[in-house]
Amino acid sequence: MKITGAIFDMDGTLLDSMDYWAVVAGEYLKSKGITPLEDDNRYFLEDGLTAWYKRTIEKHGINASIEEVTSDIYNIINGYYQTVVQLKDGVLDLLKNLKSKGVKICLATATDRQYVVKVLERLCISE
């Protein structure tokens with residue numbers, strides 16, 4: 001059977017970025033002058049932003065809307081995307097091989113498009 005299309009997840013599949021998502025909650029808290037607790041990053045990864053936000057508001061008394069917290073967290077992640085996140089080993093060769101065979105490639109991610117476009121351009125895989 002000939003492959004005509006491929007859908008890839010971005011974080012942790014194409015990009016070696018999961019380590020950064022694993023620390024972003026703590027980095028956010030530190031930026032607000034709050035010492036993160038051991039479980040803050042784990043809850044962020046396990047529960048997602050909205051549930052983490054509700055739990056963190058109660059636990060740490062953060063005085064910010066979910067929109068503000070979301071923006072701050074994405075700004076931290078964007079800093080990682082723009083400076084340190086790299087492709088996982090073998091990804092570039094795989095994508096080039098698929099493209100050379102005419103396979104249509106699609107990217108699936110929960111990350112905001114503005115950040116995705118920038119990191120893909122920086123890593124020269126936006127095509």
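**Aromatic rings and their neighbours**

Tyr80 counts as buried, with a relative accessibility of 17% (buried is under 20% relative accessible area, exposed over 50%, partly exposed in between; 1.4 Å probe, protein chains only). The model is predicted, so local features need pLDDT of at least 70 and side-chain atom pairs pLDDT 80 or more, while totals for chains, interfaces and linings use all residues. Residues are numbered from 1 along each chain as its sequence is written, and side-chain values use heavy atoms, leaving out hydrogens and water.

How many aromatic pairs are there? The count is six, where rings of Phe, Tyr and Trp (its six-membered ring) pair if their centres lie within 6.5 Å, with planes under 30 degrees apart stacked, over 60 edge-to-face and the rest tilted. Tyr20 and Tyr80 form a tilted pair, because their ring centres are 4.9 Å apart and their planes meet at 35°. This pair ties together parts 60 residues apart in sequence, since Tyr20 lies in helix 1 (residues 18-21) and Tyr80 in helix 5 (residues 66-83); helices are DSSP runs (H or I, at least four residues), numbered from the N terminus. Tyr20 itself is partly exposed, at 23% relative accessibility.

The rings of Trp21 and Phe44 are stacked, as their centres are 6.3 Å apart and their planes at 10°. Trp21 belongs to helix 1 and Phe44 to helix 3 (residues 40-47), so parts 23 residues apart in sequence are tied together. Both Trp21 and Phe44 are buried.

The charged end of Arg42 sits over the Tyr43 ring, 4.6 Å from its centre (CZ of Arg or NZ of Lys within 6 Å of the ring centre and within 35 degrees of the ring normal). Arg55 lies over the face of Tyr43 too, at 3.6 Å from the ring centre.

Terms used. Helices (H or I, at least four residues) and strands (E, at least two) are DSSP runs, numbered from the N terminus.
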